[in-house]
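Here is my note on the model, point by point. Please keep the structure open as you read.

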Amino acid sequence: MSDTPNAVEATPPDPLADARAALTAPEQKRAGGSLVLLISLLLFAVTAGDGGLAHVVVVIGVILLHELGHLFGMWLFGYKDLRIFFIPFFGGAASGRKAGAAGWQQVIVLFLGPVPGVVVGGVLAVVNLAVQEPLLGDVAGTMFLINAFNLIPLSPLDGGRIFELALFRRHWLLDAAFSLLCAAGLAGLGVLGVRVLFFVAALQVMALPARIRFRRAVAELTRRVGPLPADPGALSDETISALRSEAERLHPGSGVAIVEARLRMVRALWEELAARPLGALGAVLALAAWSACVLVCLVGGIAHTVLGGAARDGRIIAMVDDESPDLAPAQAHYDAECRERSPDDVRHDIACRRLAASLHHRRGDDAAAQAELEPVAAIEIPELAVGLAAALEQLERLEANGTTPTEHRRAHLLRAAEVYDRFASEEEAAAARAAAAKLE
Ligand SMILES: [Zn+2]
């Protein structure tokens, strides 16, 4: 009995062995997750631009809360290879993988980013109306701003990905059109000031051909083999062979890198076909929830800005008429509310200038008071109209009470009349002169 090496016929090599291995291999654990987070966080902080250290910390905290929300959702639904990192100039991202994730799970993971921030922002905005703490106001405003931005329906922002899942994934042509529309929209936002979005838009356009090929391959496979089980062990040879030949069509060739890309494609195709798309009801609910989030963000953000700003400006103006000999409270108020000013917030700037002028005036330095008020006229005449109307109203009230306007108030009104004479319309100047005449 000879035992020559060739006597026993080996079982024929399995032609699907590589694809089978790629499908059943455990998720590759990418190393150094916390290091990536730390380095990206530092890069983000360094490039975060102006606004002060406190504001940079607020922005990082708001982004972290947003990404941790996504991460919590992924953890909840059993996603693997979870990680979170910052993207300099842009924001943050959370990633994880799960083959066969149901559409509703993917949508909930997307919503869990912006929703906590919108809710917390809303609560803080309401609290801030009572306590009026500038840092708290900044946190609430940043919560609304960053989460509203993420809800913009342009992929890869959360809002865009919700729209993809709800509507545009259903046909490769719809998907491609939406992707192109998103790139145009992102470039538009880039023009408006978020410069990094030009880059994102360019990447999106460059990735479009590959995206179309992938979506068409998914459509073709869906027609041939239908939706697939989430367990790769349950795939038939026929199915694996179909996945493999589709991957080969997308990545033809034989180089090491090409073969690796092909095997990754086998897995990506399976993951896509195993994912359960969102049903019609789910899509309607997702879009309704998205609309509600956007509405809360817009109404909350605008109300926060307008109410918070108006309340703050009102308190500043109230201090302008403070006539107690002690200047300390008004000065402290000025220091607290007027140190940080945005050139866009004209109302705030004018309120601060009026308080500064009032402080100068009470210290006897009328030249400094005039200098402080000079830009007010140039900044915004309509704002002065509001100021004049308030001054006239106050004058009428004082007359009704039988109180003589004090020297301070008289000077204030005369100054308004003078400014109107120089800068405002005929009609407004006449009103100002009449008001001034009442005091002569
Ligand atoms: Zn997000």
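1. At what angle do helix 3 and helix 5 pack, and how far apart are their axes? The angle is about 135° and the axes are 7 Å apart. Axes here are lines fitted to C-alpha atoms, for helices over the stretch in contact, and angles run from 0 to 180 degrees between N-to-C directions. Helix 3 and helix 5 are therefore oblique to each other. On the scale used, angles under 35 degrees are roughly parallel, over 145 roughly antiparallel, 65 to 115 roughly perpendicular, and the rest oblique. Helix 3 makes the contact with Val-62, Leu-65, His-66 and Gly-69, and helix 5 with Pro-114, Val-115, Pro-116 and Gly-117. Two residues are in contact if their C-beta atoms, placed from the backbone, lie within 7 Å. By class, this contact has 5 nonpolar, 3 polar and no charged residues. Ala, Val, Leu, Ile, Met, Phe, Trp, Tyr, Cys and Pro count as nonpolar, Asp, Glu, Lys and Arg as charged, and the others, Gly among them, as polar.

2. A word on the basis. This is a predicted model, in which local features need pLDDT of at least 70 and side-chain atom pairs count only at pLDDT 80 or more, while totals for chains, interfaces and linings use all residues. Residues are numbered from 1 along each chain as its sequence is written.

3. Overall make-up. The chain holds 18 helices and 2 strands. Helices (H or I, at least four residues) and strands (E, at least two) are DSSP runs, numbered from the N terminus. Of the 440 residues, 32% count as buried. A residue is buried if 20 or more other C-beta atoms lie within 10 Å of its own, exposed if 12 or fewer, and partly exposed in between, with C-beta atoms placed from the backbone. Take the contacts between residues at least 6 apart in sequence: 64% of them join residues at least 24 apart.

4. The cores. The largest nonpolar core has 49 residues. Such a core is a set of buried Ala, Val, Leu, Ile, Met, Phe, Trp, Tyr and Cys residues joined through C-beta atoms within 7 Å. Met-143, Ile-162 and Ala-286 have the most contacts inside this largest core. Helix 6 gives the most to it, with 7 residues. A second, separate core has 16 residues, including Leu-23, Ile-240, Met-265 and Leu-269.

5. Which residues of helix 4 (103–111) are buried? They are Gln-105, Gln-106, Val-107, Val-109, Leu-110 and Phe-111. These buried residues pack against helix 3, helix 5, helix 7 and helix 12. Ile-162 is in contact with Val-107, Leu-110, Ala-286 and Trp-290, leaving aside its neighbours within four places in sequence.

6. Helix 1 against helix 11. The axes of helix 1 (17–24) and helix 11 (256–274) come within 9 Å and cross at roughly 55°. That makes helix 1 oblique to helix 11. Asp-18, Ala-19, Ala-22 and Leu-23 of helix 1 meet Leu-263, Val-266, Arg-267 and Trp-270 of helix 11. This contact has 6 nonpolar, no polar and 2 charged residues.

7. Helix 9 against helix 10. The axes of helix 9 (196–225) and helix 10 come within 11 Å and cross at roughly 155°. That makes helix 9 roughly antiparallel to helix 10. The contact residues divide into 6 nonpolar, 1 polar and 4 charged. Arg-249 is in helix 10 (237–250). Arg-249 is partly exposed, with 13 other C-beta atoms within 10 Å.

8. Backbone points to check. Most residues other than glycine have a negative phi, and most peptide bonds are trans. Asp-81 has a positive phi of about 55° although it is not a glycine. Asp-81 is in strand 1 (80–87). A cis peptide bond joins Ser-155 and Pro-156, with omega about 10°. Pro-156 is in the loop between helix 6 (134–151) and helix 7 (158–166).
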